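Please keep the sequence and the structure open while reading.

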Amino acid sequence: MSGTRRKALLKVIILGDSGVGKTSLMNQYVNRRFSNQYKATIGADFLTKDVMIDDRLVTMQIWDTAGQERFQSLGVAFYRGADCCVLAFDVTNAVSFKSLDSWRDEFLIQASPRDPEHFPFVLLGNKIDMEANRAVSAKRHVTMAQSWCAAKGGMPYYEVSAKEAVNVEAAFQAIARDALARESADTSDFPELENNINLNENNRSSSSGGCNC
Amino acid sequence: MWQHVSAESTLFRRPQLRKERNASEIERDDKGEKGHDSGISSRTGSHSTSDWCASPSLPRQTRHGSVADVEETTPSTSQIRKAKLIDTLKMEVKILMEYAAGNASVDLNSGYVTSLCIAVQNCVMDGIRKRFLGLIGMKTSLALLHTVVKGFPSAQLVIDKTKEHETKDSCTSSSQVRWIREALHTRQLSTILNYMATSKEMHRLYDDDALLLDRAKSGMPAALLLGPCAISFKRMASDSSSEVLSRVEWTDRMRDHPTNGSTSSSRPPLSVKRQGSSLVSMERQSTSRDYVFSLHANYRSTLLYGKNNVGLEDSSGGDSTKGYLSLHKNFSADLTIRWTPNQLMTSSSQPNSATSKDEGKFQWKQAITIEMNQVIYIHLHQKQEESSSIITFVTCEGGQSPPLHFPSGQHSLVFLTALESGLTPLYRLDPPLSQDQCKEKALPRLRRRTSATNSSSDYVFRIVRLTSSAPPPPPTEDTQSDDFAPSVPPSPSNGFFSLPSSPAMLSSVDDLVNTHVGQACRSMQQQIMARAFFGWLSYVRHLRTVREHLMGLIHNKKITPEEDLPPVDEAFWSECTSKRTPELWDECIRRVYWAGIGSGKEEEDKALRRQIWPYLLGVFEWTENPEPKTTLFTEKYRDDVEEWRVLEAEVRRRDEEAFNAARARKGATPIREMSITSDVFDEDNEEKKDPKDQEWEDLIDKFGANLHRIEKDVERCDRALRFFSNAQNLESLRRVVCTYVRRNVDGDGYVQGMCDIAAPLLVIFQDEALTLECYTVLMDRMKENFPHHAGMDRCLSNLRSLVQVVDPQIFSLLSTSADFTQLYFSYRWFLLDFKRELPYDGVFRVWETIWACGHLQSKSFPLFFSLAMLTNYRDTIISNNMDFADLIKFFNDMTARHDVTRLLISARLHLSSLTSVLQTLD
Ligand SMILES: Nc1nc2c(ncn2[C@@H]2O[C@H](COP(=O)(O)OP(=O)(O)OP(=O)(O)O)[C@@H](O)[C@H]2O)c(=O)[nH]1
Ligand SMILES: [Mg+2]
């Protein structure tokens, strides 16, 4: 049970408004490919990817759900057992940033993780390649997002582009590392039991019983 | 369109999972992206669909639990191992018992026993703690026996015996299992194993997954070994073979003549052409010897009874010839009685003895074979209780066998006893042989005409086939008090004591076996009853499910399958348009339902559908021409578009404003932005609203939100399809959906997926106004399945009920959660009527079937199509034991790869069978 050699499964959920690029991000990370022909997501789908984090082989199972808030009621089935939640917004779309609060709350309610205070979230601001269409300047924008993250218990923030593969790999690597770190912190709470103790006691009692005969 | 599917399979080459971290080049597989209009997300998984089919034992990776060990041992491996151990043991027991059945006693050192002992050894050593053996300092399972003795003192005898023979015959192979051999010999093996499986003291020595700790299997070795423990074993040293006191004469004789090939083996020799001077005699000898060998117990049949010096009366009525009478049971439980003249037996067992050709032929003719399944009556004529008796068999054709003369003594009774037990479980003797207080079989009282006198008596036994509901009558205990019961003195001299295969012969050990067999029978009976009950219960439940949930799904219960109807083609359609009779309408929908529209020519079919679909959807009445309405539709559409254009312009203006305003705030003070609650992106709030403008504002807001959603979706709608790679068609689609939302402004507005439903209609009609009319009709039904309506839950619930009735195995997979979440793989099916699951021509075909079925038989055809989707892949689903995530992945991967024709056939079949169930319920 050394832990370091175990192959683990990490369930990651990507949330955010419709059109922020969740499907694109997932495909960029897993398949290193961007296409403008991805369809609007209906229901849910997931992709898996094996990654080495330090000396540990981890299978990331990345779930991509529909972005329209109407479909949020489905979430309860998909969020179950998540290890990490990725919140995504579109840096050219102010509304998608405003929705982040509701996405985060909704996730915490539906997934009801054991320790909501410390549940790992990551924030991704997507489409940074569309500099000209930015609602706000890049510099100012980073400050907004960072202050929001700081308010939510210091979640990491990455500016990415699914289209041009900027920062996507690094962001997801960090996501896996975070979730893993939390996982090992969890397991270290439960030290291994000494399973010899019981046996030895049994032996002793049985031998003394033999003497009494 | 089918070429697409095959092309798909090459496109489907999934990019292999890359494990290197820093391959940052963007990979664009244009072929992959333009190849098909199917969900591209489906091509990007880590394993392709073929994985599902090729390797059912795929390691499970998709548990929705949190970080989980993937390399955990599958729970079944230890189960498989244990089952193998038990199977081997079972086989060895079976071989030994079969061998013992044909032999008076079994050599304790024979290979049969050794293999059994090794199988036992493997069972007791399974899962033993290594440390235990190390502690004791012995490498064999004998160490276990020493532990057994502590709690089970009578095992000491086995230890003593083992020690004794250790010194005596150290030459024997596999001394490791000697104690097992001795335990078998002393008939203690079964009880020792039982102790090992039940005692806490012993459990300490094993790991948790040891066979002897297995909840279900731990008792099996002891139970299996009950039989072998009842065998009488002999220790055959090389010089002790003469001590064998066998009562089965034939067997003895075979042993006494080593010229018959291998004495130790009961198998017939492979080659018999060793001796003989002439070809003829050689042949005859070999056949006769083969025949004689077939009398012996062998791998094909079991010898239940054998007796020599049984007389056979000549057909001429003269004096009887003496011969060997034997009773055989083969593997299909058929009984055969054979009588062979003594001389033939001798000549074949002594090949060198001179028998003349003719004499042999004559005797050969005399030999008789009676198949018991031909016999219906057995006559027994006995002059006196202890005197000789005559048995005759009557076949179902009325033929009679020559009478068999049994020598005096209880021989005929013993024969009948063997016959009776051989007949079970399929047949029995009527009346059965009764059992007296000494548990010896006796002739029944009933048929005995004169019981008090010593005059002769006749018995007639009928052979009756048993049905499972009528078990053989239990042993009659009441004979104990009956004075008239023929008392057969126990005859210990009876040779059949040594035949363990005959259950009629009871010793204390057999008694043990019998009680266990009795228990087993009872528990089996209970299980059968329970199964029948549960079968009935589930049947009733199914009917209830059908009644409560599925009754309303079908509105027309009188429908006959017409799988060979032709599709609607141009000729038929022009007949329809010229006549427009109700009969033609009826035929038209039946044709659409069973065979669809068109004959596979893409453009012609589209043109036909363009004309027929509005009728199927009810946009036009059957009796009316499209003409007047289409003009109306077009005019109204143009007006509506013009109306919302104004709204659109206003929305655009505001978007622009907001964007510029946000840009202008670039230099605002960072202090305000750092405040957590501030809406950092917020545009300036306009506070100058008066109530009249409020309505307008709301409208603009609402329409604006919808417009943005529609645009987001239209932009991503089937871009791989040639039709939608054209920006103008995309704009058409946007206008249709916008108009729909504008007209239904009090409805739900635009919900993701709505655009997917409009797209195929636009592809067919290529006319925005007509598309919108049909779309509106279609959406009346479809919007029920969108979020915040009850339709989806109803669909999922109905699907679950249907699966419950149709395929309980899949049902058990799907019912692991109380809610419908387990069925979410079908969410998109119901939301979009399979639009995302199939290529466009498949969508056309399925949609028109759904619509035609609505007129014909049921408004719920999508349900039956869903059922077909499930049952079509049931084996893959079940063998992979798919869970929530697996099912979603599987069906996402299967996108656009389904065999639509096959699915339609099976969906119609499902509908037909439910219809007939409902018919019988009415
Ligand atoms: N320029 C640019 N466009 C992007 C980027 N990522 C996504 N897009 C585009 O944004 C649109 C929406 O992307 P999706 O990935 O489908 O969005 P989503 O979040 O999955 O949306 P839903 O499935 O509706 O929830 C598509 O047209 C993409 O081509 C990006 O990094 N840069
Ligand atoms: Mg998506």
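The points below go from the whole chains to single sites.

This is a predicted model. Chain A has 213 residues, and 59% of them count as buried. Chain B has 922 residues, of which 49% count as buried.

**Chain A overall**

- Seven helices and six strands make up the secondary structure of chain A.
- Along the sequence, the order in chain A is β-α-β-β-α-β-α-α-β-α-β-α-α.
- Among contacts in chain A with a separation of 6 or more, 72% join residues 24 or more positions apart.
- Chain A has an accessible surface of about 8500 Å², and carbon and sulfur atoms account for 51% of that surface.

**Chain B overall**

- Chain B contains 36 helices and 13 strands.
- Among its contacts with a separation of 6 or more, 71% are between residues 24 or more positions apart.
- Its accessible surface is about 45500 Å², with 53% belonging to carbon and sulfur atoms.

**Aromatic pairs**

- A pair of aromatic rings is described by how far apart the centres are and by the angle between the planes.
- A:Tyr29 has a relative accessible area of 1%, so it counts as buried. A:Phe172 is at 0% and is buried too.
- A:Phe71 and B:Tyr827 pair edge-to-face, with 6.3 Å from centre to centre and 75° between the planes.

**Charges over rings**

- In chain A, the charged end of A:Arg104 sits over the ring of A:Phe121, 5.3 Å from the ring centre.
- In chain B, the charged end of B:Arg591 sits over the ring of B:Phe572, 4.0 Å from the ring centre.

**The magnesium ion**

- Which residues coordinate the magnesium ion (ligand 2)? A:Thr23 and A:Thr41 do, each through OG1, at 1.9 to 2.0 Å.
- The two threonines come from distant parts of the chain, 18 residues apart. A:Thr23 is in helix 1, and A:Thr41 is in the loop between helix 1 and strand 2 (44-53).
- A:Thr23 and A:Thr41 are both buried.

**The site of A:Ser161**

- A:Ser161 lies in the loop between strand 6 (157-159) and helix 6 of chain A.
- Is A:Ser161 buried or exposed? Its relative accessibility is 0%, so it counts as buried.
- Its side chain reaches the backbone nitrogen of A:Lys163 at 3.3 Å.
- Beyond residues up to four places away in sequence, A:Ser161 touches A:Asn126, A:Lys127, A:Ile128, A:Asp129, A:Val166 and A:Val168.

**The site of B:Arg794**

- B:Arg794 is part of helix 29 (residues 791-806) of chain B.
- With a relative accessible area of 46%, B:Arg794 is partly exposed.
- B:Arg794 and B:His549 are 245 residues apart in sequence, yet their C-alpha atoms are 9.7 Å apart in space.

**Positive phi angles**

- Most residues other than glycine have a negative phi.
- A:Asp54 has a positive phi, near 55°, and is not a glycine. A:Asp54 sits in the loop between strand 2 and strand 3 of chain A. Its relative accessible area is 55%, so A:Asp54 is exposed.
- B:Asp718 also is not a glycine and has a positive phi, about 45°. B:Asp718 is found in the loop between helix 24 (691-714) and helix 25 (722-725) of chain B. With a relative accessible area of 1%, B:Asp718 is buried.

Key. Residues are numbered from 1 along each chain as its sequence is written. Chains are lettered from A and ligands numbered from 1 in the order in which they are written. This is a predicted model: local features need pLDDT of at least 70, side-chain atom pairs count only at pLDDT 80 or more; totals for chains, interfaces and linings use all residues. Side-chain values use heavy atoms; hydrogens and water are left out. Helices (H or I, at least four residues) and strands (E, at least two) are DSSP runs, numbered from the N terminus. Buried means under 20% relative accessible area, exposed over 50%, partly exposed in between (1.4 Å probe, protein chains only). Contact means heavy atoms within 4.5 Å. Accessible areas come from the Shrake-Rupley method with a 1.4 Å probe; for residues, only the protein chains shown count as cover. Rings of Phe, Tyr and Trp (its six-membered ring) pair if their centres lie within 6.5 Å; planes under 30 degrees apart count as stacked, over 60 as edge-to-face and the rest as tilted. A charge sits over a ring if NZ of Lys or CZ of Arg is within 6 Å of the ring centre and within 35 degrees of the ring normal. Donors are N, O and S atoms within 2.8 Å of the metal (3.2 Å for Na, K and Ca); water is not among the atoms, so sites may look incomplete. A polar contact is a pair of N or O atoms within 3.5 Å; within protein, one must be able to donate a hydrogen and the other to accept it, and residues adjacent in sequence count only if both atoms are side-chain atoms.
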